[in-house]
Amino acid sequence: MIATRDLTKVFRTEEVETTALHEVNLRIAEGEFVAIMGPSGCGKSTLLNILGLLDHPSGGKLELFGEDVSRRPERQRSELRKHNIGFVFQSFNLIDDLTIFENVELPLVYQRVPRRERRTRALEALERFQLTPRKDHHPQQLSGGQQQRVAVARAVVGRPKLILADEPTGNLDSTHGDDVMNALVALNEAGTTIAMVTHSPTYAAYGRRTVYLHDGHIVTEQTGRAEDA
C-alpha cells in the first residue's frame, strides 16, 4: 500500500538547511498497523505528513495504492487524500462551532455524499465509538478522551483505506489513551491499514510492527504485538 524509496525532506531558510528525512526506505502492506517511534525532531511527523500527501518530499519516491504520487499536482493529491486517507491528530482538530454529529459528518460533505447517506454513515460511526448520546453536544462539552474518539470516528466515516495517526494519545490520560488505542486496533483488525506516530513504547506495542527513526533515518524495526509475545 505504501512504499518509499530514498525519501528525503530538506527544509531551507535563507541561513539554515535542515534535513528532516534522509533516504528513508519504508514499506507498509495493506492491513498492517505500523508504529513510528523516535526522539523529538527525528522526522516522525514529517514522514507522516508526506505519507498523507500534506507535504512534498524534496527527493526520492513515494508510492501510494500502487501509484507513484511523488510529483502529483495538488488537485490530484487532494482527491487521493479525500477518498483514501483518514487523519487523527494529537490536538483533535475538531470544529468548536459544530456539533459532534456535524464534525463527524464533515468529511462526507467534502466527498459530496448525498445527505441521507451522510446521516446514516455518521450515526453508524458515532454508534461504533459509543458517542451517540453526545451527538448534539459541542466539542468543549466532552472530555479529552471523548473528543479523540470523535476524531477517530471522523477519520473513519469516509471509509478510508489508510489511517494516519500523529500522537493520538498525546493529550490523554492512560484510561482514555487505552480506549483510543483499542479503537484503532479494532479498525485494523477490520482491515484498515494504520500508521501511527507515538513517543510511547506502551502504545507502539499495540501495532504489529514498530519502525524507529533517528536523525531522519530508519535505524531499526521490531515486529510483533504485545499480546502476541
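The questions and answers below concern a predicted model, and they move from its sheet to the helices and to single residues.

Student: Which strands are the edge strands of the open sheet of six strands?

Tutor: The sheet has mixed pairing and the order β6-β7-β8-β3-β9-β10, with its neighbouring strands turned by 15° against each other on average, direction ignored. An edge strand pairs on one side only, and the two strands for which this holds are β6 (85-89) and β10 (217-223).

Student: In which sense do β7 and β8 pair, and which residue of β8 is the bridge partner of A165?

Tutor: Strands of a sheet pair through backbone hydrogen bonds, either parallel or antiparallel. Strand β7 (residues 162-166) and strand β8 (residues 193-197) are joined over five bridges, and the sense of their pairing is parallel. Within β8, the residue that forms the bridge with A165 is M196.

Student: What angle does the direction of helix α1 make with that of β7?

Tutor: Helix α1 (residues 44-51) packs on the sheet, where it touches β3 (33-37), β6, β7, β8 and β9 (209-214). Another helix, α6 (residues 174-189), lies across β3, β7 and β8 and runs at about 150° to β8. For α1 and β7, the angle between the directions is about 155°.

Student: Is D166 buried or exposed, and which residue's side chain does its own side chain join in a polar contact of 3.0 Å?

Tutor: D166 lies in strand β7, and because its relative accessibility is 15%, under the 20% limit, this residue counts as buried. Leaving aside neighbours within four places in sequence, its contacts are S45, L48, V88, F89, Q90 and V197. The polar contact of 3.0 Å joins the side chain of D166 to that of S45.

Student: Why do the buried residues of helix α2 lie on the same side of the helix, and which strands do they pack against?

Tutor: The buried residues in helix α2 (residues 74-84) are R77, L80, R81 and N84. They lie on the same side of α2 because they cover an arc of only 100° around the axis. The strands against which these buried residues pack are β6 and β7.

Student: What is the relative accessible area of N103, and with which residues is N103 in contact?

Tutor: N103 has its place in helix α3 (residues 100-110), and its relative accessible area of 1% is the reason why it counts as buried. When neighbours within four places in sequence are left aside, the residues in contact with N103 are L94, I95, L98, P139, V150 and R154.

Methods: Residues are numbered from 1 along each chain as its sequence is written. This is a predicted model: local features need pLDDT of at least 70, side-chain atom pairs count only at pLDDT 80 or more; totals for chains, interfaces and linings use all residues. Side-chain values use heavy atoms; hydrogens and water are left out. Two strands pair if DSSP finds at least two bridges between them. Helices (H or I, at least four residues) and strands (E, at least two) are DSSP runs, numbered from the N terminus. Axes are lines fitted to C-alpha atoms, for helices over the stretch in contact, and angles run from 0 to 180 degrees between N-to-C directions. Contact means heavy atoms within 4.5 Å. Buried means under 20% relative accessible area, exposed over 50%, partly exposed in between (1.4 Å probe, protein chains only). A polar contact is a pair of N or O atoms within 3.5 Å; within protein, one must be able to donate a hydrogen and the other to accept it, and residues adjacent in sequence count only if both atoms are side-chain atoms. The arc is that of the directions from the helix axis to the C-beta atoms.
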